[in-house]
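These are my notebook entries on one protein chain. I record what I looked up, beginning with the core.

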Amino acid sequence: MAGLAGKSGPPGNQNAFRHGLAGISQRRNNGALNAKEHSVREEILAGLLADKGGEAQISTAMRVLAEIIASDVSLLVTFNQAIDGVIQNNQKARQNLKALPQLDGYKRPLVGSLSSNLQRFGMERVAKLESLQEIIEEMTEASGTSETTGPDGPITTANGDG
């Protein structure tokens, strides 16, 4: 019999082919993110919140949806990297007509979920609403002065500064 004891088939076959996507899914189910996944997730979440006018502007439900979208995007990036790695490192996987659709099948449900969640979230940007105090602070910073004005003109301080 060809092959090694305890292994099925001849050396180099695809029976024990491991692509790593199952490990990624299990890690994700356990709630563990690596540094790259965490970075992508935080970047996407910040962008989504900014698109809706900031964290103070959105409801809790929209915040949860934004977090789900950010997590899905980071997982999709990880899946794409793993699939690219398999295709680059495994010549037989490239030529296997069954392997490519199987690899693609791992991310299809995620892409569908991400698309529907993005539609729910909405593609339009919302301008951030500024308070009157923020507008006044921006105006004083832009003019380079720290003087305060009232209805009758500049308000002077007790030490005579202007």
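I took a nonpolar core to be a set of buried Ala, Val, Leu, Ile, Met, Phe, Trp, Tyr and Cys residues joined through side-chain atoms within 4.5 Å. Buried means under 20% relative accessible area, exposed over 50%, and partly exposed in between, with a 1.4 Å probe and protein chains only.

I noted first that the model is predicted, so that local features need pLDDT of at least 70 and side-chain atom pairs count only at pLDDT 80 or more, whereas totals for chains, interfaces and linings use all residues. Residues are numbered from 1 along each chain as its sequence is written, and side-chain values use heavy atoms, with hydrogens and water left out.

Entry: the core. I found 16 residues in the largest nonpolar core, and Ala66, Ile69 and Phe121 have the most contacts inside it. Helix 2 (35-51), helix 3 and helix 5 are the elements that give two or more residues to this core. Helix 3 supplies the largest share, eight residues. Helices (H or I, at least four residues) and strands (E, at least two) are DSSP runs, numbered from the N terminus.

Entry: Ile69. Which residues does Ile69 contact, leaving aside its neighbours within four places in sequence? I listed Leu48, Leu114, Asn117, Leu118 and Phe121, contact meaning heavy atoms within 4.5 Å.

Entry: Ile68. I placed Ile68 in helix 3 (residues 60-89). Ile68 is partly exposed, at a relative accessible area of 38%. Its C-alpha atom is separated by 9.0 Å from that of Leu45, 23 residues away along the chain.

Entry: helix 5. I read 23 residues in helix 5 (residues 99-121) and a reach of 34 Å from first C-alpha to last, close to the expected 33 Å; the expected span is 1.5 Å times one less than the number of residues. Helix 5 bends by about 30° at Lys107, and Pro109 follows within four residues. The bend is the angle between axes fitted to the seven residues ending at a residue and the seven starting there. Ala99, Leu103, Lys107, Leu110, Leu114, Asn117 and Phe121 are buried in helix 5. An α-helix has 3.6 residues a turn, so residues three or four places apart point the same way. Just after helix 5, I noted a positive phi of about 95° at Gly122.

Entry: the whole chain. I counted six helices and two strands, in the order α-α-α-α-α-α-β-β from the N terminus. Of its 162 residues, 23% count as buried.
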